[in-house]
Amino acid sequence: QWPDLRLNAPEDLSVQLEIFDDLREEDFNDLIQRYHDVRFELEDPLEVFQLVKRVTDDTGAEPSLLSILQHLVLVRDDDYARPQYYRLIEECISQI
């Protein structure tokens with residue numbers, strides 16, 4: 001998976017890459033197991049929202065999802081600013 005990094009990688013980096021690959025594989029298997037009967041399209045915003053809503057319904061995460069959505073609604077209604085705010089939010093979330 002990481003051919004360029006692994007070629008002359010020090011042993012400690014190789015170990016970390018192996019750990020990363022193992023964890024990535026476990027995460028993928030967990031995702032498949034969790035949603036093996038669910039078919040969803042991640043390119044359609046409405047379907048993604050519905051999936052997130054179903055996953056958070058009646059859980060402790062539901063109020064947080066509502067709060068996040070409320071904050072998104074309050075992002076300044078400006079054709080220049082809104083995309084920048086959304087990109088910033090996207091970048092923050094992708095770091096998690």
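Student: What makes the pair D57 and K53 a salt bridge?

Tutor: The closest N and O atoms of D57 and K53 are 3.0 Å apart, and a salt bridge requires a side-chain nitrogen of Lys or Arg within 4 Å of a carboxyl oxygen of Asp or Glu, so the pair qualifies. This is a predicted model, in which local features need pLDDT of at least 70 and side-chain atom pairs count only at pLDDT 80 or more, whereas totals for chains, interfaces and linings use all residues. Residues are numbered from 1 along each chain as its sequence is written, and side-chain values use heavy atoms, with hydrogens and water left out.

Student: Why are D57 and K53 called partly exposed?

Tutor: D57 has a relative accessible area of 27% and K53 has 35%; since buried means under 20%, exposed means over 50% and partly exposed lies in between (1.4 Å probe, protein chains only), both residues fall into the middle class.

Student: How many salt bridges does the whole structure hold, and what makes R24 and D21 one of them?

Tutor: A search of the whole structure finds 3. At 33% relative accessible area R24 is partly exposed, whereas D21, at 13%, is buried.

Student: How do you know that D77 and R82 belong with these pairs?

Tutor: Their closest N and O atoms are 3.4 Å apart, which means that D77 and R82 also form a salt bridge. D77 is exposed, with a relative accessible area of 68%, while R82, at 27%, counts as partly exposed.

Student: Why is T56 called buried, and which residues does it contact?

Tutor: T56, which lies in helix α3 (residues 45–56), has 10% relative accessibility and therefore counts as buried. Leaving aside neighbours within four places in sequence, T56 is in contact (heavy atoms within 4.5 Å) with A61, E62 and L65.

Student: What makes V15, I19 and L23 a nonpolar patch?

Tutor: Patches are made of residues with over 30% relative accessible area and no salt bridge, with nonpolar side chains (Val, Leu, Ile, Met, Phe, Trp, Tyr) joined within 5 Å and like charges within 9 Å. L23, in helix α2, has a relative accessible area of 44% and is therefore partly exposed. Together V15, I19 and L23 have about 230 Å² of accessible area, computed by the Shrake-Rupley method with a 1.4 Å probe, where for residues only the protein chains shown count as cover.

Student: Which residues form the negative surface patch?

Tutor: The patch is formed by D22, E25, E26, D27 and D30; Asp and Glu count as negative. E26, in helix α2 (residues 11–34), counts as partly exposed because its relative accessibility is 46%.

Student: How many helices and strands does the chain have?

Tutor: There are 5 helices and 0 strands, with helices (H or I, at least four residues) and strands (E, at least two) taken as DSSP runs numbered from the N terminus. Of the 96 residues, 9% count as buried.

Terms used
The place of a charge is taken as NZ of Lys, CZ of Arg, CG of Asp or CD of Glu.
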